[in-house]
Every structure is written in structure tokens, then in C-alpha cells.
Amino acid sequence: MGPSPLDEVDLRILGLLTRDARLSVRAIGRDLGKSPGAISERIDRMERAGVIRGYHAEIDPAAIGYGTEVFVGLRTDQGPYLEDAIAQLSTVPEVASIHVVTGQWDVIVGLRVRDHQHLRDLVLSQVWKVSGFLHSETLLVLESHAGPPDWFAKVAALE
């Protein structure tokens, strides 16, 4: 869907939900001085427009044994091989993200693994076996910093 026009109230709702997706419409309404019905209508509209794509729990991968984050740049044959590679990678449980990109790589794959041995086994048995595989480079993440949860409000203010 194309961009949806958002007003200040919509942006404030998104900001609150970004910080805590479990907030009730009643709590959001209290915070913004609006009725729960008005807040519910706005949230429904943003969901229908695809602005809000879902709600989720944020899990700490390290707390469940997957503390090593890795990115793998893949070069593949073009055409149907690229689509096949993406489909194959999508079935690997440790794959956290897949990005088709420009530049020296065709695909950047984000992985979450237990340790270096797990990474080795995964690269050799899964990544290097995708259709049209030509070359890869593995990048071990030393530290990650997420952008601010309300980045959209800052961007919207520029328009």
C-alpha cells in the first residue's frame, strides 16, 4: 500500500504502541485525552491501511541460547536461482532476516546461532547449498544498536 496520511494523534498513538504494544485503547485514550472509541477507530484505520502490520513480543535471542548474530552476504546466479535461494533460506529456522540488496551482494541474510560451531555447520550445510550459490562473506556482529522506536515520528515531521 502507498503512504497513509497520519496526523499528530496517529503519530502519538504509534509512538505509544511502539513503546508498549500491550497498551489498551482505554490507556492510550487517557494519555491522549481521547475516547477509547476514537482511539480504536484510528488504530483500526492504521491496521487496514497497513501502517500497523502487527504486534509482537520482543525476545532476547541470547536468553534462549542464540546470542551470536551474523550477517552473510551471498552472491548467486540471477533469475530464478535468486528466488529459489530466497525460498530455501526462508525455511532455515536460524534465519532472522533476508534482504535482496544492491552492491556486491545479491542477498544479505541475518542469522541467529548458538556459537561458532553452530554457525559453521549452518553455513556449510544450508547457506552454501542454496540454488545458484556463487560466493559468500560472513560478518560476525560485535555489537548492535537499534534505531529509536519513534523514528517514524521524526521522519513524518520532515514532510
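Predicted model: local features only at pLDDT ≥ 70, side-chain atom pairs only at ≥ 80, totals over all residues.

Biologist: What describes two packed helices?

Modeller: The angle between their axes and the distance between the axes. Axes here are lines fitted to C-alpha atoms, for helices over the stretch in contact, with angles from 0 to 180 degrees between N-to-C directions. Helices (H or I, at least four residues) and strands (E, at least two) are DSSP runs, numbered from the N terminus. Take α2 (residues 25-32) and α3 (residues 36-48): they pack at about 110 degrees, with axes 8 Å apart. That makes α2 roughly perpendicular to α3; angles under 35 degrees count as roughly parallel, over 145 as roughly antiparallel, 65 to 115 as roughly perpendicular and the rest as oblique.

Biologist: Which residues of α2 and α3 meet?

Modeller: Contact means heavy atoms within 4.5 Å. On the α2 side you have Val25, Arg26, Ile28, Gly29 and Leu32, and on the α3 side Pro36, Ile39, Ser40 and Ile43. By class, that contact has six nonpolar, two polar and one charged residue. Ala, Val, Leu, Ile, Met, Phe, Trp, Tyr, Cys and Pro count as nonpolar, Asp, Glu, Lys and Arg as charged, and the others, Gly among them, as polar.

Biologist: And how do α1 and α3 cross?

Modeller: At roughly 85 degrees, with the axes of α1 (residues 8-19) and α3 coming within 11 Å. They are therefore roughly perpendicular to each other. Val9, Asp10, Ile13, Leu14 and Leu17 of α1 meet Ile39, Arg42, Ile43, Arg45 and Met46 of α3, which gives seven nonpolar, no polar and three charged residues.

Biologist: On to burial. Is Val113 buried or exposed?

Modeller: Buried means under 20% relative accessible area, exposed over 50%, partly exposed in between (1.4 Å probe, protein chains only). Val113, in strand β3 (residues 107-113), is buried because its relative accessibility is 0%. Beyond four places in sequence, Val113 touches Gly65, Tyr66, Gly67, Thr68, Val70, His118, Leu119 and Leu122. Val107, also placed in β3, is buried at 1%, and its contacts beyond four places include Val72, Leu82 and Ile98.

Biologist: Where does Gln126 sit?

Modeller: In the loop between α5 (116-125) and β4 (133-140). With 35% relative accessible area, Gln126 is partly exposed. Outside four places in sequence, Gln126 contacts Val92 and Asp121.

Biologist: How many aromatic pairs does the structure hold?

Modeller: One. Rings of Phe, Tyr and Trp (its six-membered ring) pair if their centres lie within 6.5 Å; planes under 30 degrees apart count as stacked, over 60 as edge-to-face and the rest as tilted. Here Trp128 and Phe133 are tilted, 6.2 Å centre to centre with 35 degrees between the planes. Trp128 is partly exposed at 41%, and Phe133 is partly exposed at 24%.

Biologist: What lies over the face of Trp105?

Modeller: Arg75, at 5.1 Å from the ring centre. The rule is that NZ of Lys or CZ of Arg is within 6 Å of the ring centre and within 35 degrees of the ring normal.

Technical notes. Residues numbered from 1 in each chain as written. Heavy atoms only, no water.
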